[in-house]
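Have the viewer open while you read.

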Amino acid sequence: MTNSTKPPPLDIKCTSTDCENDLHCFKQLKRMSPKEKGKCRSCGADLVDWKRVHKREIRDARNTFKALQYELIRHHFFHSEIDETAIRHAKRKGRIKMDEAVRHRLEKYLAPANPPRDGRQTPFSGNSIFYAQHATATCCRTCLEYWHNIPKGNVLTDEEFAYCFELIQLYLEQRLPDLQDNPVKVPRQSRNVSSNTESSHQ
């Protein structure tokens, strides 16, 4: 596991791009034509096999994870260090209770047709589940719609919910491979560790 005692403030947004380094944003602009849908909103790069991703097959998650990392915001959460607060939280819960926490969070903030504060309900740090949600585009209904073809305005079906849950689980298994099944006692954390910073989907 990697950690940082004080994570730096996140200076990117869901719409940020770094096209020179092959890091894009595929969220469509209103002025974009149907032919441009699925391409980078800044440079027009066409890198994602959307038909394949939209099949939502967990057995093809490796391809989905690769595709997600063409987007700057996703790449950041796949590779940035997970902050110390988040790691301590995961250790105190253990993998079994973390799974319960994932289900609870999805039920409250993603599964409803119109979740409260949609687009701002997932902070950027303080909990490894937040990292997983941003990395896998299960952080809000907008990201869920264009990445996984799950439309807004409807409660998630059992199949859609299970898909989101599995993506988050796979991410956590990849990023926190040493996490024990059961809780581990963790010493108190220093007060100078920074707290959550909320996201801003624009």
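## Overall layout

A helix here is a DSSP run of H or I covering at least four residues, and a strand is a run of E covering at least two. On that basis, the protein chain has seven helices and zero strands, so reading from the N terminus you get α-α-α-α-α-α-α. Keep in mind that this is a predicted model.

Of the chain's 202 residues, 49% count as buried. The protein chain exposes about 11000 Å², with carbon and sulfur atoms supplying 45% of that area. Take the contacts between residues at least 6 apart in sequence, and 71% of them join residues at least 24 apart.

## The nonpolar core

The largest nonpolar core has 50 residues, and Leu106, Trp147, Leu156, Tyr171 and Leu172 touch the most other members. Helices 1 (50-53), 2, 3 (72-79), 4 (84-109), 5 (128-136), 6 (141-148) and 7 each supply at least two residues of this core. Helix 7 gives the most, with eight residues.

What does leucine 172 touch, beyond its neighbours within four places in sequence? Its partners are Arg95, Met98, Val102, Ser128, Ile129, Ala132 and Pro177.

## Helix 2 meets helix 7

The axes of helix 2 (residues 61-68) and helix 7 (residues 158-175) come within 12 Å and cross at roughly 80 degrees. Angles of 65 to 115 degrees count as roughly perpendicular, so that is what helix 2 is to helix 7.

Helix 2 brings Ala61, Thr64 and Phe65 to the contact, while helix 7 brings Tyr163, Leu167, Leu170, Tyr171 and Gln174. By class, that's six nonpolar, two polar and no charged residues.

Terms used: Residues are numbered from 1 along each chain as its sequence is written. This is a predicted model: local features need pLDDT of at least 70, side-chain atom pairs count only at pLDDT 80 or more; totals for chains, interfaces and linings use all residues. Side-chain values use heavy atoms; hydrogens and water are left out. Axes are lines fitted to C-alpha atoms, for helices over the stretch in contact, and angles run from 0 to 180 degrees between N-to-C directions. Angles under 35 degrees count as roughly parallel, over 145 as roughly antiparallel, 65 to 115 as roughly perpendicular and the rest as oblique. Contact means heavy atoms within 4.5 Å. Ala, Val, Leu, Ile, Met, Phe, Trp, Tyr, Cys and Pro count as nonpolar, Asp, Glu, Lys and Arg as charged, and the others, Gly among them, as polar. Buried means under 20% relative accessible area, exposed over 50%, partly exposed in between (1.4 Å probe, protein chains only). Accessible areas come from the Shrake-Rupley method with a 1.4 Å probe; for residues, only the protein chains shown count as cover. A nonpolar core is a set of buried Ala, Val, Leu, Ile, Met, Phe, Trp, Tyr and Cys residues joined through side-chain atoms within 4.5 Å.
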